[in-house]
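Have the sequence and the 3D view ready.

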Amino acid sequence: MNNTTTNTIGYSNTCNSSGKDLIVNYDVDLTTPIINTNTINYTVSVFNNSCSGPVTGIQVTANNISSTKFSGLSTTPSQGSTAYSGSNLVWTLGTLNIGQTATLTITGTPKVLGSLTSSASITVPATGLVA
């Protein structure tokens, strides 16, 4: 099972005083599971690395995560809600304050042979950039 595990957007070691920085990480705990046997956990985390304020309207999409590929799929967000859109899982997490991290755990058992590539992307509407 191949996984795209990390997407970093706007990373810096200190907060960004000139704009909005969000960092999204996407990790998996087991990269070679046995079909219909091992449960795997994907963890998505989003961190607001901005100095200037909260960010609202955040959505994270984890692609290629669906009931056709996994049995017993469940999601546990630290905030917000999740919904499926085709073969993608969309996490609407709402607002992140400065220095805040939100996490989503996706749990399931693979039920197809072969490789599965999954990645996460983040979307923020222009109106979500609150200064």
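Q: What makes strand E6 (residues 81-85) and E7 a pair?
A: Strands here are DSSP runs of at least two residues (helices, H or I, need at least four), numbered from the N terminus. Two strands pair if DSSP finds at least two bridges between them. E6 and E7 have five bridges in the antiparallel sense, so they meet that rule. One of the bridges joins Ser81 to Thr92 in E7. In the hairpin of E6 and E7, two residues sit between the strands, and Gly86 takes a positive phi near 65°.

A quick note before going on: this is a predicted model, where local features need pLDDT of at least 70 and side-chain atom pairs count only at pLDDT 80 or more, while totals for chains, interfaces and linings use all residues. Residues are numbered from 1 along each chain as its sequence is written, and side-chain values use heavy atoms, leaving out hydrogens and water.

Q: How do you know that E4 and E7 pair?
A: They share six bridges in the antiparallel sense, and Val55 stands opposite Leu96 in E7.

Q: Is Gln79 buried or exposed?
A: Buried means under 20% relative accessible area, exposed over 50%, and partly exposed in between (1.4 Å probe, protein chains only). Gln79 has 18%, so it is buried. This residue lies in the loop between E5 and E6.

Q: Why is the pair of Tyr26 and Tyr42 called stacked?
A: Rings of Phe, Tyr and Trp (its six-membered ring) pair if their centres lie within 6.5 Å; planes under 30 degrees apart count as stacked, over 60 as edge-to-face and the rest as tilted. The rings of Tyr26 and Tyr42 have centres 5.4 Å apart and planes at 15°, so the pair is stacked.

Q: Why is the pair of Tyr42 and Phe70 called edge-to-face?
A: Their centres are 6.1 Å apart and their planes at 85°, so the edge-to-face label applies. Tyr42 is buried, with a relative accessible area of 2%, and Phe70 is buried, also with 2%.
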